[in-house]
Amino acid sequence: MGRLLCIVSTRTSHCLSFAERTGKILREFLRFYEDQYGVALFNSMRHEIEGTGLPQAQLLWRKVPLDERVIFSGNLFQYQEDSKKWRNRFSLVPHNYGLVLYDNKVACERQVPPRAIINSAGYKILTSLDQYLELVGNSLPGTTSKSGSSPILKCPTQFPLILWHPYARHYYFCMMTEGEQDKWQAVLQDCIRHCNNGIPEDSKVEGPAFTDAIRMYRQSKELYGTWEMLCGNEVQILSNLVMEELGPELKAELAPRLKGKPQERQRQWIQISDAVYRMVYEQAKANFEEVLVKLQQARPAMEAVIRTDMDQIITSKEHLASKIRAFILPKAEVCVRNHVQPYIPSILEALMVPTSQGFTEVRDVFFKEVTDMNLNVINEGGIDKLGEYMEKLSQLAFHPLKMQSCYEKMEPLRLDGLQQRFDVSSTSVFKQRAQIHMREQMDNAVYTFETLLHQELGKGPTKEELCTSIQRILERVLKKYDYDSSSVRKRFFREALLQITIPFLLKKLAPTCKSELPRFQELIFEDFARFILVENTYEEVVLQTVMKDILQAVKEAAVQRKHNLYRDSMVMHNSDPNLHLLAEGAPIDWGEEYGDSSSGGGSGSPSPGAQEAAPLSEKRRRAKQVVSVVQDEEAGLPFAAGPELPSPASPDSVTELRGLLAQDLRAESPLLAGPLLNGAPTQESPQLSAVPEASSPPTSPRHLPPGKAVDLEPPKPSDQETGEQVSSSGSRPPIHITTEDSAGVQTEF
């Protein structure tokens, strides 16, 4: 790696250094960001005062969706680039969706620092080695391997999963069966979907200012249309922006200097790109944080000016907009009529079909899960089992496997014939946005159902009354879901149409209009120049010219019954005026309030006194895992190096511990037949299946000091997009451990 970094850092005398070139791009972008910050602050404060917004949703929303829960855990094989061998890893996906890799399950239980924490923003999942080799070959021209030559990577099974990134390092995994591959693909895709959505939606100033600055900067470089690498947090996106501009320059300079066989040059280029991306990330992070601190310090003074002169600022902006509108309206209307209006119905239809199918699937999955739960209440444990059933139902929206059928409905989305015309680089941005809406609406429906059922349980119903109440509440929630999902979809369609057509219009109008914009600057008072920008006002005017056609198209589509949309004239009044007040209470802990004590963790029937004495961390771990994959750890890879895999005779062997646990369970727990999620038939306690495998620390006195409660919080993923952080000595950075007293042990990465 040292030799590769020397290649990166050596520059010709007539070129700027790479760090200086990066700094130049960052300074240019951050000027856009500072300009957009004042505009976003004004828009946010104006929105608060005028109170214009979306209609009130019928469903409730969960404030802390998955606090302290584990999404997924299990074993998979990872390729180690340093040793060039495959090793078995125990992996954990906490509620923040950072993939955490441990040497084995015992290392996780003992709180040994993980081998890697992967933030998957910007990555793509590849399930074929041929796909990967094609992408690698295209990334560095002239390095395509000859037929019969050794490829850059060999997979010991037919079921690989590769995380590929255009700039950062790649990660290589493989599974033993196709079923495991499908399940891990669903989990990792969920991680990518969540991490890509890295800018908080509740950020009313910093978020809009950043995304607008990205758009304005790219348009200044004549780059219009959607951008596929607008994913991750602000620093990750900013790093992608720099690499988009400097990547081709770096490749042109360094590619001829790489030596060796094609696959060796490919490997060198991947390492160089990752090293450069890390350097860019650190530089972008420092520069962005510096500017953000400066803006936050200036914010109180800016807010004071806006509050004092709000009316005058609005009047000044409207005057500017009227002048710009008079100038561009004739040209814009012709452009819309000839180049946009004829294609709106086709774009809308392409968006509506898979999106509506996906939301219908969400409704069907929710209905099935609640109905199955109701049948279980009737046929099995009644109210005694309700806590267990509801604990599982509350996590439905975050179950990657159960939600997969909903997400898959978006995969057929195509804009055939329109994608190139409107410069849409990829439809993935629309797919992921719709899938996020699906997950949100599913969780809203589940949480509303939980809240109403919890209220009903306060009346002390019998088993028969409870089943009737569940059915009645389900019908109420489905009505609310139909209304909210219609509103969400119509808003999504409008936003997607604008995202497709506005850049196209701006590009069309730029040759005749953009050069004339500076003359409108004199219409803005100097005191208001931080809150009104000519470029933003110009875009708003262009948006207004096409907005009426988009609204009309969505309105006409709502009339078609096949899409199950409410008409705009249909307003569902709140039939539960006190429902939102119920959501203000403490979160419902179904396991604590209505759990079946006879299956509390699969370890016998503890007395109420013993339950009260249980450590807080133990209570938190009960029924907190959404889904777990258990791989057959006795099976080795077909031709992997033996010494790299855990030995069956090792005291840390997961197989040995698994056997001991199985003996304890047979001795202590009543068994129920049921399939494991990886398809291997087994028998397990129903309560045990909900306990997170990765989050139970050993209770041996060696590892749990007397009087200490160990709160095992899953490690937070690094917000650093540049790859993994490793834990051992040598070149790996240290991991700092902060120990607290009675609150438990917290590990910071």
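What share of the contacts in the protein chain with a separation of 6 or more comes from residues 24 or more positions apart? The share is 79%. The model behind this figure is predicted.

## Confidence and overall make-up

The protein chain has a mean pLDDT of 78. Residues at 70 or more make up 72% of the chain. Two stretches call for care. Across residues 8–15 the pLDDT stays under 50, and the model gives this stretch 13 contacts beyond four places in sequence. Residues 629–635 also fall below 50, with 28 contacts beyond near neighbours in sequence.

The chain holds 749 residues, and 49% of them count as buried. Its secondary structure comprises 19 helices and eleven strands. The accessible surface is about 35100 Å². Carbon and sulfur atoms supply 52% of that surface.

## The seven-stranded sheet

Seven strands build an open sheet with antiparallel pairing. Their order is β4-β3-β2-β1-β7-β6-β5. The edges are β4 (116–118) and β5 (124–126). Each has a single partner strand, so one side of each lacks a neighbour in the sheet. From one strand to the next, the twist averages 35°.

Helix α4 spans residues 129–139 and lies across β5, β6 and β7. The helix runs at about 25° to β6.

Ten bridges join β1 and β2 in the antiparallel sense. Within this pairing, Q78 stands opposite R87 of β2. The two strands form a hairpin with four residues between them. K84 in this hairpin takes a positive phi near 55°.

On to the next pairing. β2 and β3 (residues 99–102) are antiparallel and share three bridges. F90 faces Y102 of β3 across the pairing. This hairpin too has four residues between its strands, and Y97 in the turn has a positive phi of about 65°. Strand β2 covers residues 85–94. Eight of its ten residues are buried, so the rest of the structure largely encloses the strand.

Is β6 largely enclosed or left open by the rest of the structure? Five of its five residues are buried, so β6 is largely enclosed. Side chains in a regular strand alternate between the two faces of the sheet. In β6 both faces are covered. P160, I162 and W164 are buried on one side, and L161 and L163 are buried on the other.

β6 has antiparallel links to β5 and to β7. Three bridges join β5 to β6, and I125 has L163 as its bridge partner in β6. Four bridges join β6 to β7, where L161 stands opposite F173. β6 and β7 form a hairpin with six residues between them. β7 (residues 171–174) also pairs with β1 (residues 70–80), antiparallel over two bridges. There, F77 has C174 of β7 as its bridge partner.

## Cysteines without disulfides

The structure holds zero disulfides. A disulfide needs the two sulfur atoms within 2.5 Å.

C155 is buried, at a relative accessible area of 15%. C108 is also buried, with 4% relative accessibility.

## Two long-range sites

M216 sits in helix α6 (residues 206–220). Its relative accessibility is 5%, so M216 counts as buried. What does M216 touch, not counting residues up to four places away in sequence? The partners are F32, Q36, E535, N536 and E539. M216 and F32 are 184 residues apart in sequence, yet their C-alpha atoms are 7.2 Å apart.

I588 lies in the loop between α15 (579–582) and α16 (590–594). Leaving aside neighbours within four places in sequence, I588 is in contact with E450, T451, H454 and E593. I588 and E391 are 197 residues apart in sequence. Their C-alpha separation is 9.5 Å.

Key: Residues are numbered from 1 along each chain as its sequence is written. This is a predicted model: local features need pLDDT of at least 70, side-chain atom pairs count only at pLDDT 80 or more; totals for chains, interfaces and linings use all residues. Side-chain values use heavy atoms; hydrogens and water are left out. pLDDT is the predictor's confidence in each residue, from 0 to 100. Contact means heavy atoms within 4.5 Å. Buried means under 20% relative accessible area, exposed over 50%, partly exposed in between (1.4 Å probe, protein chains only). Accessible areas come from the Shrake-Rupley method with a 1.4 Å probe; for residues, only the protein chains shown count as cover. Two strands pair if DSSP finds at least two bridges between them. Axes are lines fitted to C-alpha atoms, for helices over the stretch in contact, and angles run from 0 to 180 degrees between N-to-C directions.
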